[in-house]
Amino acid sequence: MYTIQRHLNYNTWATGKAVEVLSSVDEKHFDTEVKSSFTTLRKTVFHLWDAEQIWLTRIQGGTPKSWPSVNFTGTTSGMLDGWKKTSNELAEFISSKDRIFLDQEIHYKNMKGIEFTQPIEDILFHLVNHGSFHRGQLVTMLRGLGFEKFTSQDLIAYMRL
């Protein structure tokens, strides 16, 4: 059976693969503008990290008031480590939960203040799908910056392990 936990473990693995590649990128490329949803590698990584941190906070019962990256003053390496750490924390947090927790609906406001109600498991599947989408954009952005060497971050590659 395919479970949300396996999906989250995939997300952690794929994030680790992305961080591995990004760790070898020259600092100047993180702020080079490229056409994409977010115009730089840094903005894209911050978006991914922000999303995971915000959703983790919400499913733990908290209410984020701002994007976590707004107050980040660390290095590029610290940003990448933070993103990887949050992915791990999310998977670890869910590993201790049962079906009742996953089926539970949470009430929250998005960052624009609009209220929503969603089952936790649906949020988690969304979060992993969202991560796959934007990690794909990172690969495309890196290719546009001249990088050619990547290992697959596809779900099927993870399942073959």
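Modeller: Let's start with Thr44, which is in helix 2. Helices (H or I, at least four residues) and strands (E, at least two) are DSSP runs, numbered from the N terminus. Before we go on, please remember that this is a predicted model: local features need pLDDT of at least 70 and side-chain atom pairs count only at pLDDT 80 or more, while totals for chains, interfaces and linings use all residues. Residues are numbered from 1 along each chain as its sequence is written, and side-chain values use heavy atoms, with hydrogens and water left out.

Thr44 has a relative accessibility of 0% and counts as buried. Buried means under 20% relative accessible area, exposed over 50%, and partly exposed in between (1.4 Å probe, protein chains only). Which residues does Thr44 touch, leaving aside neighbours within four places in sequence? They are Phe38, His134, Leu138 and Met141, where contact means heavy atoms within 4.5 Å.

Helix 2 also holds Phe46, a residue that is buried at 15% relative accessibility. Its ring has a partner. Rings of Phe, Tyr and Trp (its six-membered ring) pair if their centres lie within 6.5 Å; planes under 30 degrees apart count as stacked, over 60 as edge-to-face and the rest as tilted. By this rule there are nine aromatic pairs. In one of them, the rings of Phe46 and Phe72 have centres 5.6 Å apart and planes at 65°, so this pair is edge-to-face. Phe72 is in the loop between helix 2 and helix 3, 26 residues from Phe46, and the pair links distant parts of the chain. At 25% relative accessibility, Phe72 is partly exposed.

Another ring to look at is that of Trp55: Arg58 lies over its face, 4.6 Å from the ring centre. A charge sits over a ring if NZ of Lys or CZ of Arg is within 6 Å of the ring centre and within 35 degrees of the ring normal.

A nonpolar core is a set of buried Ala, Val, Leu, Ile, Met, Phe, Trp, Tyr and Cys residues joined through side-chain atoms within 4.5 Å. The largest one has 24 residues, and those touching the most other members are Leu8, Ile59, Leu90, Ile94, Leu102, Ile120 and Leu124. Helix 2 (41-59) is among the elements that each supply at least two residues of this core, and others include helix 1, helix 3 (76-95) and helix 5 (120-144). A separate core has 20 residues, among them Phe46, Leu48, Ala18 and Val19. In soluble globular proteins, nonpolar side chains tend to be buried together.

Leu102 is in helix 4 and is buried, with a relative accessible area of 8%. The C-alpha atoms of Leu102 and Leu124 are 8.9 Å apart, although 22 residues separate the two along the chain.
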